[in-house]
Amino acid sequence: MTTARAFVIGHPIGHSRSPLMHGYWIAQAGLDATYDRRDVAPSALPDFIAELRANRWIGCNVTIPHKLAVMDEVDVVQDVARAMGSVNCIWWEGDTLVGGNTDATGFLSYLDICHPGWDKGARRALILGAGGAARAAAYGLRDRGLAVDLCNRTAARARSLASHLGAGIAGHGNDALPGLLADADILVNTTSLGMTGQPPLDLDLAPLKPSAIVNDVVYAPLETPLLKAATARGLRTVDGLGMLIYQGVEGFRSWFGVTPEVTPELRRILEDDIQGKTS
Ligand code: NAP
């Protein structure tokens, strides 16, 4: 039996925590497998995929800047990935190399775990940002039947993403924010504001309903200033680490046919890594 090999590819790729997470699951499941990071420059993407095919590696995660370009390199793009305009995971189905996206599922899975039944009666979602993470959150929340408003510093980017994703999603500039907060059942920050080294997200949460959920996809630090402010107001919160973990669960399952366990130990290992501790 040859060792099954999986990768995460991006450019740059040094920051990725996926090797830590998948390495943990591989050890837990006792699999003869490896998961490595590979820095792949945009011009080298076709060669990497050719290498993956030739060696029959079991697949890879795909991150910036390859999420769109890799669609041309696989045999089939899953409908969900096509609709999102982003592939973050590649696996084999028989002899067909499939490009899919597990980010929206990962986002929703963790939301469901944190607040079971949260979507009963929820009608509107307000998403801050219009980049890659916004794409997944908007797709997932619309899929649950919520009307989605995207607000972004660059209004044109929010409008363009909304028009790509289609019905039920509207794009705005940040000037629309104050008017949208009061109707939101869930507020999701997908901007990089609040991330270590970035300014905090400066937003008055007072207009939000007491029943609203505040979800920050930023996971470094784990408790962002936005989540602190939401907790102080007594609102329900969701941190960003769970989305990262649960999009990984989907990928692992597609490669190895095994659902990996999300243990408190795994979360602690990742938290320690984010906080720069060695465990
Ligand atoms: P991205 O595609 O580069 O988008 C960044 C977004 O942040 C854009 O909407 C950008 O607005 C906005 N932004 C950046 N600086 C800003 C500022 N100073 N003021 C206002 N808006 C600002 O990035 P991404 O991939 O979506 O990632 C965004 C964050 O989500 C990062 O912290 C990332 O680590 C996190 N993330 C988490 C997960 C997870 O699994 N938890 C997954 C993906 C990403 P403009 O369009 O105006 O530039």
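Ala, Val, Leu, Ile, Met, Phe, Trp, Tyr, Cys and Pro count here as nonpolar, Asp, Glu, Lys and Arg as charged, and the others, Gly among them, as polar. The model shown in these views is predicted.

**View 1. The shell around the ligand.** The ligand is surrounded by 20 residues. Asn152, Arg153, Thr154, Arg157 and Gly240 are the closest. By class, the shell holds 9 nonpolar, 9 polar and 2 charged residues. Helix α5 (132-143) contributes at least two residues to this shell, and so does helix α9 (241-256).

View 2. Thr154 takes part through its side chain, with a polar atom 2.5 Å from an oxygen atom of the ligand. The ligand taken alone exposes 920 Å², and 76% of that is buried by the protein.

**View 3. The open sheet.** Six strands make up an open sheet with parallel pairing, in the order β9-β8-β7-β10-β11-β12. The edges are β9 (169-173) and β12 (236-238); each has a single partner strand, so one side of each is left without a neighbour in the sheet. From one strand to the next, the twist averages 20°.

**View 4. The pairing of β10 and β11.** Strand β10 covers residues 186-189 and strand β11 covers residues 213-216. The two pair in the parallel sense over 4 bridges. Leu187 stands opposite Val214 of β11.

Conventions. Residues are numbered from 1 along each chain as its sequence is written. This is a predicted model: local features need pLDDT of at least 70, side-chain atom pairs count only at pLDDT 80 or more; totals for chains, interfaces and linings use all residues. Side-chain values use heavy atoms; hydrogens and water are left out. Two strands pair if DSSP finds at least two bridges between them. Axes are lines fitted to C-alpha atoms, for helices over the stretch in contact, and angles run from 0 to 180 degrees between N-to-C directions. A residue is near a molecule or strand if one of its heavy atoms lies within 4 Å of it. A polar contact is a pair of N or O atoms within 3.5 Å; within protein, one must be able to donate a hydrogen and the other to accept it, and residues adjacent in sequence count only if both atoms are side-chain atoms. Accessible areas come from the Shrake-Rupley method with a 1.4 Å probe; for residues, only the protein chains shown count as cover.
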